[in-house]
Amino acid sequence: MTTKEKEIRRQLMQCCGSEQKYYDPLFKDVFYSDGVREMAILCESQWLLVDSLSNMKLLRREHDFIVSKLYKKEEESKCYIDYEDGNGNRIKRVNYPYTDFPLSNQDNEGKLEPALTMWYQNEILYLPQEH
């Protein structure tokens, strides 16, 4: 894990309980939290925010709760996002052939953890620690 990644993760862990909600002009009825906003800024990943909001807008028609998991190996410049129903059932997978996203998968005692997890519920996209 790079120094930059450690610092981003440290700052994101401080996000808990969102006091504001934000929206992108393209998706005025899909909101995101302080933590997701901070992630987009720290990771310089506006593309991820816009794409996630777009997918949430489509998937929310059939699902009240959605888990977004971004997987990226540290040594690779590609990633994919799995959208799940909260019970581990994949709803959709989106592949990205190139990304400069600075976070990578974590090894948690032999279990692969995604580089980033976000939750969507009640029209708001947020980080799990903000729940």
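The lining of the largest pocket draws at least two residues from each of α1 (3–13), β3 (65–71), β7 (111–113) and β8 (116–121), where helices (H or I, at least four residues) and strands (E, at least two) are DSSP runs numbered from the N terminus. The model is predicted, so that local features need pLDDT of at least 70 and side-chain atom pairs count only at pLDDT 80 or more, whereas totals for chains, interfaces and linings use all residues. Residues are numbered from 1 along each chain as its sequence is written, and side-chain values use heavy atoms, with hydrogens and water left out.

The largest pocket has a volume of about 460 Å³, and of the 17 residues that line it, Arg9, Pro114, Leu116, Thr117 and Pro128 are the closest to its centre. A pocket is here an open set of points on a 1 Å grid over the protein atoms alone, where a 1.4 Å probe fits, with protein on both sides within 12 Å along at least five of seven lines, and lining residues have an atom within 4 Å of a point. Grid points are joined across faces, edges and corners, the volume being the space filled by probe spheres set on the points.

Leucine 70 is found in strand β3 and counts as buried because its relative accessibility is 2%, the limit for buried being under 20% relative accessible area (1.4 Å probe, protein chains only). Beyond its neighbours within four places in sequence, leucine 70 is in contact (heavy atoms within 4.5 Å) with residues including Ile81, Pro114 and Leu116. In β5, valine 94 is the bridge partner of isoleucine 81, and the C-alpha atoms of leucine 70 and valine 94 are separated by 9.4 Å.

Key. Two strands pair if DSSP finds at least two bridges between them. Buried means under 20% relative accessible area, exposed over 50%, partly exposed in between (1.4 Å probe, protein chains only).
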